[in-house]
Amino acid sequence: MSAGVVLINGEAHSPETASVSVFDRGFLYGDSVFEALRTYGGEPFELSAHLARLENSAALAKISMPLTLADFEAEVRRGLALTRFDESYVRILLTRGRGRELGLSMSEAQSPLRVVLILPLRAPSATTYERGIAAIIYRTQRVGDGTLASGAKLGNYLLSVLALDAARAAGAEEALLADHQGSVLEGTTSNVFCLFDGTLVTPPVSVGILAGITRKEVIQVARQIGQPIVERPLLAEELGFAQEVFVSSSIRELVPVVRVDGREIGDGLPGPCYRRLREVFGRHAHELAAVSAARAATK
Ligand SMILES: Cc1ncc(COP(=O)(O)O)c(C=O)c1O
């Protein structure tokens with residue numbers, strides 16, 4: 001299964017033939033939660049943090065977890081062992097499954113569907129990191145906002161799909177979502193950081209963003225190297241005064257943003273704070289993954 005593997009409720013399929021029912025509520029209503037992560041040296045990075053977030057998202061969406069976290073972890077590792085890419089992309093999805101009827105009521109859908117998808121990692125190009133990307137500000141309200149599921153990683157990413165399309169139409173590669181008050185929240189699939197006079201600023205989780213696992217690592221790494229960092233609401237108007245901007249995510253790691261809404265950030269090149277953090281983060285990720293691989297081997 002060199003092209004990847006898809007485990008559906010634990011059963012291995014090739015990506016070409018893997019399929020689920022059109023009556024699955026993930027398909028019908030985006031009634032699902034998910035996680036996406038990558039490996040370093042073949043070891044899934046922060047797998048337990050991703051599974052804990054999956055469990056939290058599932059609880060917010062009232063989808064029951066079909067496996068314990070330990071069994072989920074074992075399933076992901078089994079999938080990785082079936083593929084053996086240099087580095088892998090891992091997606092873990094949990095849908096509410098099928099109901100008896102097409103109706104919305106969740107009471108009839110009692111068997112969640114779980115999918116673990118493992119494909120070769122396609123990381124951004126070296127140019128992306130060397131030159132940076134352009135972004136737009138996209139004013140919006142996220143799908144889960146104002147509901148109990150605010151902050152969950154829900155399967156419905158239509159908002160991000162539309163925001164990214166607007167970015168592409170403007171010749172940019174990322175959209176920074178801002179609410180109607182002009183508070184910058186996050187990217188389409190990333191968290192955002194800005195540098196002002198030597199201090200990094202990132203919006204707090206309390207504004208309703210996804211609590212990014214890379215975001216948490218970046219905050220930790222910044223503190224370790226003595227880079228001042230604060231979590232506070234960030235206004236779209238402030239971006240024009242930032243010396244540096246970058247976004248973070250599990251798959252793209254740290255990507256510099258050198259232009260926002262057509263205006264250059266700093267001198268239009270990835271800045272020294274970004275470059276240092278990316279280097280230290282890269283080392284840190286490989287080290288953490290090696291520790292976790294050693295721990296898994298002794299289990
Ligand atoms: C909306 C959103 N915010 C932030 C992130 C970054 O989170 P993480 O670092 O855990 O990948 C993602 C990742 O996909 C995302 O979809």
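**The ligand and its contacts**

Which residue has a side-chain N or O atom that is 2.7 Å from a nitrogen atom of the ligand? That residue is Glu186, and the pair qualifies as a polar contact, meaning N or O atoms within 3.5 Å, where a pair within protein must also join an atom able to donate a hydrogen to one able to accept it, and residues adjacent in sequence count only through side-chain atoms on both sides. A backbone N or O atom of Ser190 lies 3.4 Å from a nitrogen atom of the ligand, while a polar backbone atom of Ile213 is 2.8 Å from an oxygen atom of the ligand. Of the accessible area of 390 Å² that the ligand has on its own, the protein covers 93% (Shrake-Rupley method, 1.4 Å probe; for residues, only the protein chains shown count as cover).

**Basis of the model**

This is a predicted model, in which local features need pLDDT of at least 70 and side-chain atom pairs count only at pLDDT 80 or more, whereas totals for chains, interfaces and linings use all residues. Residues are numbered from 1 along each chain as its sequence is written, and side-chain values use heavy atoms, with hydrogens and water left out.

**The shell around the ligand**

There are 15 residues around the ligand, and those that come nearest are Tyr157, Glu186, Ile213, Thr214 and Ser250 (a residue is near if one of its heavy atoms lies within 4 Å). Helix H6 (213-224) and strand E14 (244-249) each contribute at least two residues to this shell, helices being DSSP runs of H or I with at least four residues and strands runs of E with at least two, numbered from the N terminus.

**A buried glutamate**

Glu35 belongs to strand E3 (residues 32-40) and, at 0% relative accessibility, counts as buried (buried is under 20%, exposed over 50%, partly exposed in between, with a 1.4 Å probe and protein chains only). The side chain of Glu35 makes polar contacts with the side chains of His50, at 2.6 Å, and Arg53, at 2.8 Å.

**Salt bridges**

The whole structure holds 14 salt bridges, each a side-chain nitrogen of Lys or Arg within 4 Å of a carboxyl oxygen of Asp or Glu.
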